[in-house]
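Work through the exercises below with the model open. Each task is followed by its solution.

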Amino acid sequence: MSTTIKNLAAPFVERFPCPYELRLALGGFGVDVRSNDERLILWLKDYFRDFLRASGPALCEVLAIECDPQTLELDYLVKEPEPGKSKIKEEWADLPDGRVVRKRLTGMLFLFGGDCHLALGPCLDNPNQIVNFINNRFIEYKLNQGCLLGHAAGVSWRGDGLALAGFSGMGKSTLALHMMNLGLNFVSNDRVMLGRGEAGLTMYGVAKMPRVNPGTVLNNPSLSAVMPDEDRAAFKDLPIEELWSLEHKYDAFIDECYGAGRFDLEARAKGLAILNWKRGGGELTVAQVDIGKRRDLLPAFMKSTGLFYDSGTDMPVPDFSEDAYVAFLKDCTVLEVTGGADFERAAEELTKFLKG
């Protein structure tokens, strides 16, 4: 028997029936999530509470099987760490009908290809990996429709959207949450997809709650509920540079911090703002740029698809070149934000642009 995703998944699907179900609507993308463990479904139901689906067909079914870490006898390739990091976290194997990704630190396995989307292992200990796997099915779906992937947060106002990109550590998610204080809705925390349609360029978000650091929480009153009192006491007097460099993270649920109905997954792409500022960099400036002539800014927005994207054997290979990004972005305004890192001032200036 040949080694395929379908053949690898079949024994686990038979061994672990999955009677517990969650129905999600990620924009127009219906997802049914099934599991053998009701606790996982309840956790996911709470996490995705803004995106529950009462009825209607699903375009994708994800199985999340709670069990001990499993071993598949495959010749894995190692995913090299990102620049500046040394720990190897992932490895993968490509098969004729899909891909297997193994998380080295947790023992989680992810098998996907065709109509198989299987997460296998200690899911309850790693529920955010299940969240990411579900969201990656949506990202894959949009990319296969011809969208481009952007490394950006996103906000919206009455159907118009603004993507917020930035070089490493620039604070795009922090800025998005400051802009929400001015009445905007949230579209995405760290990924956006750009697609062309009858209405022009459209921006699609990802159903993932922003993960914020202590510096972001302490400087945004809307986020106060996400930080326990003991953490606030420990962090409030730290020097600003130390505070912003902390690796501590909190999930900020949009409805708890800003109210219900403030998470959109789709908006007309009115603009892209690229943060190119620095602390102590002087007066903040927001200026329109021609991205075709400022390709040095493209790396702040361009994003590789990563291991969890598989275009499929019957799909054309998408064009994710610089030229493709320039061609897409000519249909929206690109702004460069320079000078000092001033989140409140930037929020005001960019909100004026979006509402204008």
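**Exercise 1.** Is the crossing of α2 and α3 left-handed or right-handed?

*Solution.* This is a predicted model, in which local features need pLDDT of at least 70, side-chain atom pairs count only at pLDDT 80 or more, and totals for chains, interfaces and linings use all residues. Residues are numbered from 1 along each chain as its sequence is written, and side-chain values use heavy atoms, with hydrogens and water left out.

Step 1. Locate the helices, which are DSSP runs of H or I with at least four residues, as strands are runs of E with at least two, numbered from the N terminus. Helix α2 covers residues 38–47 and helix α3 residues 127–144.

Step 2. Take the geometry: the angle is about 60° and the axes are 11 Å apart. Axes are lines fitted to C-alpha atoms, for helices over the stretch in contact, and angles run from 0 to 180 degrees between N-to-C directions.

Step 3. Assign the hand. The crossing of α2 and α3 is right-handed, meaning that the near helix is turned clockwise from the far one by less than a right angle.

Step 4. List the contacts (heavy atoms within 4.5 Å). From α2, Trp43, Leu44 and Tyr47 meet Pro127, Asn128, Ile130, Val131 and Ile134 of α3.

**Exercise 2.** In what order do the eight strands of the open sheet lie, and which stand at the edges?

*Solution.* Step 1. The order is β1-β2-β3-β8-β7-β6-β5-β4, with mixed pairing; two strands pair if DSSP finds at least two bridges between them.

Step 1. β1 (20–26) and β4 (77–78) each have a single partner strand, so one side of each is left without a neighbour in the sheet.

Step 2. Strands β2 (residues 29–35) and β3 (residues 60–66) run parallel and are joined by five bridges. Ser35 has Ala64 in β3 as its bridge partner.
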